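Here are my notes on the model you sent. Please read them with the structure open.

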Amino acid sequence: MSVRLFHKGARLVFVVSRRGPGDETWWSPHRAPREWAAVLAPALDLLVLPPHAEPGCLTCRLGSVDWTNARYWSTITVRFGAGSAQKRKLVCAALLRAARYAQL
Amino acid sequence: MPTVSETIDIGAPVDEVFAFVADFPERATAFIPGLNRISNVSTPNAAAGQTWDYEFNWFGLVISGNSRCTKLERPSVYQFQTVTGNPSTWTYRFEPTDTGTRVVFNVEYDVPQSQLARFAAEGALERMNKERAVEVLANLKGLIEE
């Protein structure tokens with residue numbers, strides 16, 4: 001067992017707006033554009049929500065996750081309108097965890 | 001060893017609930033509070049002996065270690081142990097019911113070995129582990145049910 005202050009290779013992702021369960025906007029600074037589909041799609045798959053990928057967007061049966069990649073930051077918006085409030089909240093939290101900590 | 005045990009009924013077939021919990025260790029980050037990363041899963045298929053690394057956020061510190069699946073009897077029992085740090089054994093039992101599945105979740109854990117740490121941590125650990133067990137099951141129910 002080891003104890004550290006930070007997760008190795010973690011991405012900075014801040015919640016800038018939380019409008020309701022599964023309705024959030026995040027902001028992530030970075031040095032090079034991120035492949036958010038590669039980060040977020042496996043997390044949806046794991047939760048038995050197979051995603052459909054389009055440029056800058058993933059959709060699943062709960063709703064959509066879309067992002068804009070600027071040179072030094074990304075803005076990610078989760079919009080889930082289907083499923084229970086608890087499910088939307090939990091899936092959104094799992095995606096945020098993946099955005100911060102998932103390893104590619 | 002101190003133990004916490006909690007039970008919940010989930011409205012889904014026992015095979016589905018078992019598979020959700022046991023098939024991919026990485027999935028646990030979605031329903032175990034504070035568990036941020038699972039990596040280096042040793043085999044693609046869930047089985048006794050499968051190992052993985054975990055990273056857990058504990059009051060702002062990142063605790064990392066290794067776990068091993070110690071029992072997998074589909075679709076009734078799934079058990080794993082943390083094999084580094086303070087030992088703990090996590091057991092999920094699944095029983096079919098008229099409306100879905102009853103999940104009985106049990107965690108056996110050791111308290112820190114030093115007397116000072118034990119004095120400071122024992123009561124808080126018990127309370128925290130009980131609250132965490134309740135949250136784990138509520139999260140599972142929320143993720144599996146529509």
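Predicted model: local features only at pLDDT ≥ 70, side-chain atom pairs only at ≥ 80, totals over all residues.

1. Elements of chain B. Chain B holds two helices and seven strands. Read from the N terminus, their order is β-α-β-β-β-β-β-β-α.

2. Overall dimensions of chain B. The radius of gyration of chain B is 15 Å, in agreement with the value near 15 Å for a compact globule of 146 residues. The C-alpha trace of chain B spans about 50 × 30 × 25 Å along its principal axes.

3. Burial and contacts in chain B. Of the 146 residues in chain B, 25% are buried. Taking the contacts in chain B between residues at least 6 apart in sequence, 44% join residues at least 24 apart.

4. The helix pair in chain A. Helix α1 (residues 36-46) of chain A packs against helix α2 (residues 85-101) of chain A at an angle of about 140°, and the two axes are 9 Å apart. Angles over 145 degrees would count as roughly antiparallel; α1(A) and α2(A) are therefore oblique to each other. The crossing of α1(A) past α2(A) is right-handed. On the α1(A) side, Val39(A), Leu40(A) and Ala43(A) make the contact, and on the α2(A) side Ala94(A), Leu95(A), Ala98(A) and Ala99(A) do. By class, this contact has seven nonpolar residues, with no polar and no charged ones.

5. Spacing along a helix. An α-helix has 3.6 residues a turn, so residues three or four places apart point the same way. The α1(A) contact residues Val39(A), Leu40(A) and Ala43(A) can be looked at with this in mind.

6. Which residues of α1(A) are buried? They are Trp36(A), Val39(A), Leu40(A), Ala41(A), Ala43(A) and Leu44(A). Their cover includes α2 of chain A along with the strands β4 (52-54), β5 (57-60), β6 (63-69) and β7 (73-80) of chain A. After α1(A) comes Val48(A), which has a positive phi, near 60°.

7. Contact between the chains. How many residues of chain A are in contact with chain B? The count is 18 residues of chain A, in contact with 20 residues of chain B. On the chain A side, the elements giving two or more residues are β1 (2-4) and α2. The largest share, six residues, comes from α2(A). By class, this side of chain A has nine nonpolar, six polar and three charged residues.

Definitions and conventions. Residues numbered from 1 in each chain as written. Chains lettered and ligands numbered in written order. Helix = DSSP H or I, 4+ residues; strand = E, 2+ residues; numbered from the N terminus. Rg over C-alpha atoms; globule rule 2.2 N^0.38 Å. Buried ≥ 20, exposed ≤ 12 C-beta atoms within 10 Å, placed from the backbone. Contact = placed C-beta atoms within 7 Å. Axes fitted to C-alpha atoms, helices over the stretch in contact; angles between N-to-C directions. Parallel < 35°, antiparallel > 145°, perpendicular 65-115°, else oblique. Left-handed = near helix turned anticlockwise from the far one by under 90°. Nonpolar A, V, L, I, M, F, W, Y, C, P; charged D, E, K, R; others polar.
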